[in-house]
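Please keep the structure in view while reading.

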Amino acid sequence: MAQSRINKAASIFARMNGLIKSNIVKDNEIPLWFDIYKKFPPKREPAYRSVLGNDIVPDLPKKLFYEEDELRAFYFQNISPIETIVLNSTKRKPNWEIFIETYKKLESDGVDKNELISATIDNLQEKGFYFKNKQKDSKKKLE
């Protein structure tokens, strides 16, 4: 069923209240939560960022960003792993996770920041990992 985005301009309470006042929803059809909500309203009215352009809602919380996200993005953009991942297996970690762990270990060992990516790739290749480069120069710096 297609619906309009205009529903995000008002809360569900305000819309239901309007339906009750205009007698579209009869007294015996009023949902249980309506009376509870009326007696115990929330401290802050739940609202969405309006599609109408009258944003009165404060900024939404920032998205979570983990330290490893940059490494993971670099790995998938510049290095194409040749591996099959079995999603329900816990026996072996995926190559990208091993890549991040090796990177962190070398970083804690004091390897120079400029050489860290290439040292990580070299270290894993010595252990038998094979990486197919998406770009000619996959050992470039992490930005």
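Axes are lines fitted to C-alpha atoms, for helices over the stretch in contact, and angles run from 0 to 180 degrees between N-to-C directions. Helices (H or I, at least four residues) are DSSP runs, numbered from the N terminus. The model is predicted: local features need pLDDT of at least 70, side-chain atom pairs count only at pLDDT 80 or more, and totals for chains, interfaces and linings use all residues. Residues are numbered from 1 along each chain as its sequence is written, and side-chain values use heavy atoms, with hydrogens and water left out.

**Helices H1 and H2**

- Helix H1 (residues 12-21) and helix H2 (residues 32-39) have axes that come within 11 Å and cross at roughly 110°.
- That makes H1 roughly perpendicular to H2; angles of 65 to 115 degrees count as roughly perpendicular, under 35 as roughly parallel, over 145 as roughly antiparallel and the rest as oblique.
- The crossing of H1 and H2 is left-handed, a term for a near helix turned anticlockwise from the far one by less than a right angle, while clockwise gives right-handed.
- From H1, Ile12, Phe13, Met16, Asn17 and Ile20 meet Trp33, Phe34, Tyr37 and Lys38 of H2, where contact means heavy atoms within 4.5 Å.
- This contact of H1 with H2 has seven nonpolar, one polar and one charged residues; Ala, Val, Leu, Ile, Met, Phe, Trp, Tyr, Cys and Pro count as nonpolar, Asp, Glu, Lys and Arg as charged, and the others, Gly among them, as polar.

**Helices H3 and H4**

- Helix H3 (residues 68-78) packs against helix H4 (residues 95-108) at an angle of about 125°, and their axes are 10 Å apart.
- That makes H3 oblique to H4.
- H3 passes H4 in a right-handed crossing.
- Residues of H3 that meet H4 include Leu71, Tyr75 and Phe76.
- The residues of this contact of H3 with H4 divide into seven nonpolar, one polar and three charged.

**Helices H4 and H5**

- H4 and helix H5 (residues 116-126) pack at an angle of about 120°, with axes 9 Å apart.
- That makes H4 oblique to H5.
- The crossing in which H4 passes H5 is right-handed.
- The residues of the contact of H4 with H5 divide into nine nonpolar, three polar and one charged.

**The largest pocket**

- The largest pocket is lined by Glu83, Thr84, Ile85, Val86, Leu87, Ser89, Arg92, Lys93 and Pro94; on a 1 Å grid over the protein atoms alone, where a 1.4 Å probe fits, a pocket is an open set of points with protein on both sides within 12 Å along at least five of seven lines, and lining residues have an atom within 4 Å of a point.
- By class, this lining has four nonpolar, two polar and three charged residues.

Methods:
Helix = DSSP H or I, 4+ residues; strand = E, 2+ residues; numbered from the N terminus.
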